[in-house]
Every structure is written in structure tokens, then in C-alpha cells.
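Look at the sequence and the model below before reading on. The paragraphs that follow start with the whole chain and then turn to single residues.

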Amino acid sequence: MDAAAAAAERPARPDPPTAEEITRYVVAEAVWAPSVHNTQPWCFSAGGQQIRLYADAGRRLTVADPDGREMMISCGAALFTARLALRSLGYVPETRVLPDPADPTLVAQVSWRGQAAVTDYERHLFGQVRQRRTHRGAFDPVPLSLKLLAALREGAARDGATLRIVTDDGQRAALAAIIETAERALRLDSERVQELVRWAPPPGSPRRDGVPATSYPARAEHTDPDFPGRDFAHGRGWGLPPLSSAPLFRAAGVAGLLTTADDHPVDWVNAGQALQRILLTASTCGVAAALHSQPLELGWLREFIRTWLSDRGYPHLVLRLGTVIQVATSVRRPPADVLRFSPRH
Ligand SMILES: Cc1cc2nc3c(=O)[nH]c(=O)nc-3n(C[C@H](O)[C@H](O)[C@H](O)COP(=O)(O)O)c2cc1C
């Protein structure tokens with residue numbers, strides 16, 4: 001059989017996706033990144049084989065996050081997710097972080113040209129993008145494997161950040177006490193309380209941003225030491241009812257600190273990329289994370305952590321890791337709300 005006849009017999013291959021289809025796919029995944037108070041402080045502009053990720057400063061927490069550090073961490077998490085989505089299609093992303101000094105809101109420019117086979121690691125991570133949820137409460141009293149913790153540390157280093165697992169009981173108790181101190185201070189600050197209330201919609205709200213009542217427990221789950229969560233319900237009894245099957249003894253989980261060596265916007269973006277890699281990697285092993293940024297929003301407590309608990313690395317988040325039956329759900333704005341195609345790209 002000659003080549004032409006053989007080709008005629010082969011089933012027709014589907015056309016490769018267009019740049020626009022790839023872009024829509026990537027952005028639809030990227031929006032599932034975690035963000036502070038689910039502010040989703042990002043927007044995307046696209047043209048040809050390139051996507052630009054911008055920070056949406058209108059969604060920055062003006063009281064809690066005056067410098068935009070948490071906003072950039074959130075955008076970093078979206079950037080990691082966008083890169084991973086491209087990999088899931090076999091494309092090799094080429095990324096420039098903060099490419100334009102004249103425009104600090106341009107977080108990254110991602111383009112794609114070459115292709116490479118998708119690895120199992122990438123496939124597994126990608127499979128968790130929509131499954132992963134922030135946990136708010138206690139964990140099952142089950143130890144985590146040292147192999148996983150090592151993988152999480154190595155993963156953070158790949159993105160230019162450090163994950164410090166707090167193994168010393170005294171330091172762990174100190175970290176818990178710092179979070180409690182921060183949480184008390186935040187609850188006494190009316191401006192901060194009002195800001196949190198704005199990002200905590202009531203049950204049944206049609207909003208597609210903010211922290212929904214389906215994502216936190218109605219009754220705080222205490223642990224020893226206790227790492228108090230944010231007061232999203234603000235005393236109104238909102239939240240998920242307790243699971244009747246929850247075991248009596250519940251644990252705080254493995255505590256960690258995500259830090260970077262410097263404290264510039266590029267470090268914040270790196271921290272966000274590392275965060276999403278950590279969360280997705282943990283999720284592939286059925287491990288969830290609770291995030292605490294309360295003490296990092298108060299300069300004096302952030303400095304205390306830096307001096308005493310993180311070897312002078314700049315701390316960005318406290319994480320607790322553990323296994324749990326995940327019932328929380330979250331929301332996102334539709335990708336079309338955050339994506340613009342620009343012919344002059
Ligand atoms: C920089 C940053 C800070 C965060 N701080 C907290 C926090 O202090 N408490 C909390 O419960 N969740 C925190 N989160 C998690 C977000 O609330 C969560 O990602 C968002 O509500 C979306 O939900 P999901 O992660 O389940 O998709 C933080 C996330 C980021 C990226």
C-alpha cells in the first residue's frame with residue numbers, strides 16, 4: 001500500500017486546539033488557584049500563543065494587605081496553575097515573571113511553542129486543581145509520611161521558596177500562640193473586621209467570590225495546641241454542621257511555614273507558585289492543608305516569626321497539613337469574567 005492510500009485509511013486526527021481554545025482552557029483551570037479570602041485578584045489578557053496574568057489591584061485587601069503581598073501570592077498560585085494546565089496539554093510554558101518594570105501589575109507573561117510528553121507527576125498534580133480545598137479545622141490523628149514532607153520541601157525549593165516543617169513541640173506551640181494573638185488582634189480591629197465581612201458572603205449568596213459558608217465549620221474545631229481560624233461567620237452561626245462520623249480526638253496536623261529569602265514582589269509570586277505546588281502535591285496523597293495568614297498581616301508578629309521561627313526567612317503563610325474527610329466547597333468567577341482577548345497583544 002502506498003503512503004497516500006495508507007493515510008486515507010488512517011482515522012482522521014482531530015485538529016490541534018487553536019490558541020484561543022488553549023487560552024480558555026488554561027484560564028478556566030487557573031481560576032481554581034487559592035487566593036486570600038477568595039478575592040481572586042487576577043485577570044488575564046491573551047493574544048496569539050501568549051497569556052498575560054495581571055494582578056487586579058481593585059481586589060486587593062486594602063486594610064490587611066496594603067503592600068499587595070497576599071495579592072501577589074494569590075497571583076503566583078494562579079500562575080503555577082496556568083503553567084500546569086499548559087503542561088497537561090503537552091505544551092512547554094515559557095514564563096517571564098514581572099517582565100515589565102513600568103507595569104508592576106503585570107505578574108507574568110506565559111507563552112507556549114514547544115511540546116514535551118506530560119509526566120505522571122504533572123498529570124497527578126493537574127488532577128487535583130479542582131479537587132483541592134482549603135481545610136478549616138482539625139485533622140485525623142494520623143502521621144504524615146516523611147517521604148511526602150520531603151517532597152513538599154523539595155517542591156517549594158523548585159519554585160524559589162522554603163517550606164519549614166516545625167517539628168519542635170515548643171516552636172509549634174509558639175506558632176499556635178502567635179496565631180491566637182493575631183486572631184485576637186484582628187477581631188478587635190473594626191476596619192479589618194469590616195473588610196473580612198465584605199469577603200464572607202451569607203449562606204445562599206449568588207456571589208462567585210469570597211469565602212462561602214460551605215467552606216468553613218459552623219463550630220470551631222479546637223486542637224492542642226490550638227490554631228484558631230478566621231471568624232468568617234462573625235457570630236452569625238453560618239458554616240457547615242459537624243460531621244457525626246468525626247473521630248473524638250482530632251489533631252492540629254503537621255505545621256509548616258512558607259518563607260522566601262527576600263521580600264520583594266518576585267518573592268511573593270514565587271511563594272504563591274510554591275504554595276500551589278505544595279497544596280496540589282499534598283492533595284495527590286489525600287492530604288489537605290489549612291492556611292493561616294493572620295500573623296503575617298501584622299508587621300510586628302511577622303517580624304517575630306522571622307526572627308525566632310524562620311531563620312530570618314520572610315514568612316508568608318502558616319500551613320497545617322493532615323488527612324480529613326473533605327466536605328468543603330468553594331466558588332469561582334466564570335473564566336469569561338477575567339479573560340480578555342487583545343488583538344494588539
Ligand atoms: C495568601 C493566602 C492567604 C490565605 N489565608 C487564609 C487564612 O488566613 N485563613 C483561611 O482559612 N484561609 C486562608 N487562605 C485560603 C483561601 O481562603 C482560599 O484559598 C479561598 O477561600 C479559596 O478556597 P479554596 O482554597 O478551597 O479553593 C489563604 C490563601 C492565600 C492564597
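What radius of gyration would a compact globule with 345 residues have, and what value does the protein chain have? A compact globule would be near 20 Å and the protein chain has 21 Å, which agrees. The radius is taken over C-alpha atoms, and the globule rule is 2.2 Å times the number of residues to the power 0.38. This is a predicted model, in which local features need pLDDT of at least 70 and side-chain atom pairs count only at pLDDT 80 or more, while totals for chains, interfaces and linings use all residues. Residues are numbered from 1 along each chain as its sequence is written, and side-chain values use heavy atoms, with hydrogens and water left out.

Along its principal axes, the C-alpha trace of the protein chain spans about 75 × 45 × 45 Å. The protein chain contains nine helices and nine strands. These are DSSP runs, numbered from the N terminus: helices are H or I with at least four residues, and strands are E with at least two. Of the 345 residues, 52% are buried. Buried means under 20% relative accessible area, exposed means over 50%, and partly exposed is in between (1.4 Å probe, protein chains only).

Contacts tell how the chain folds back on itself. A contact means heavy atoms within 4.5 Å. Among contacts between residues at least 6 apart in sequence, 78% join residues at least 24 apart. The protein chain has an accessible surface of about 16,400 Å², and 54% of this belongs to carbon and sulfur atoms. Such areas come from the Shrake-Rupley method with a 1.4 Å probe; for residues, only the protein chains shown count as cover.

Now take single residues. Ala19 lies in helix α2, which covers residues 19–30. Ala19 has a relative accessible area of 27%, so it is partly exposed. Apart from neighbours within four places in sequence, Ala19 is in contact with Gly48, Gln49 and Trp112. Ala19 and Leu175 are 156 residues apart in sequence and 47 Å apart in space, C-alpha to C-alpha.

Is Arg230 buried or exposed? Its relative accessibility is 18%, so Arg230 counts as buried. Arg230 lies in the loop between α7 (190–198) and β6 (254–260). Its side chain makes polar contacts with the side chain of Ser293 (2.8 Å) and with that of Glu297 (2.8 Å). A polar contact is a pair of N or O atoms within 3.5 Å; within protein, one must be able to donate a hydrogen and the other to accept it, and residues adjacent in sequence count only if both atoms are side-chain atoms. Leaving aside neighbours within four places in sequence, the residues in contact with Arg230 include His37, Glu183, Leu186 and Arg187.

Some backbone angles also deserve a look. Most residues other than glycine have a negative phi, and most peptide bonds are trans. The peptide bond from Asp224 to Pro225 is cis, with omega near 0°. Pro225 lies in the loop between α7 and β6. His234 also lies in the loop between α7 and β6, and its phi is near 50°, a positive value in a residue other than glycine. At 38% relative accessibility, His234 is partly exposed. Asn38, in the loop between α2 and β1 (42–47), also has a positive phi, near 50°. With a relative accessible area of 5%, Asn38 is buried.
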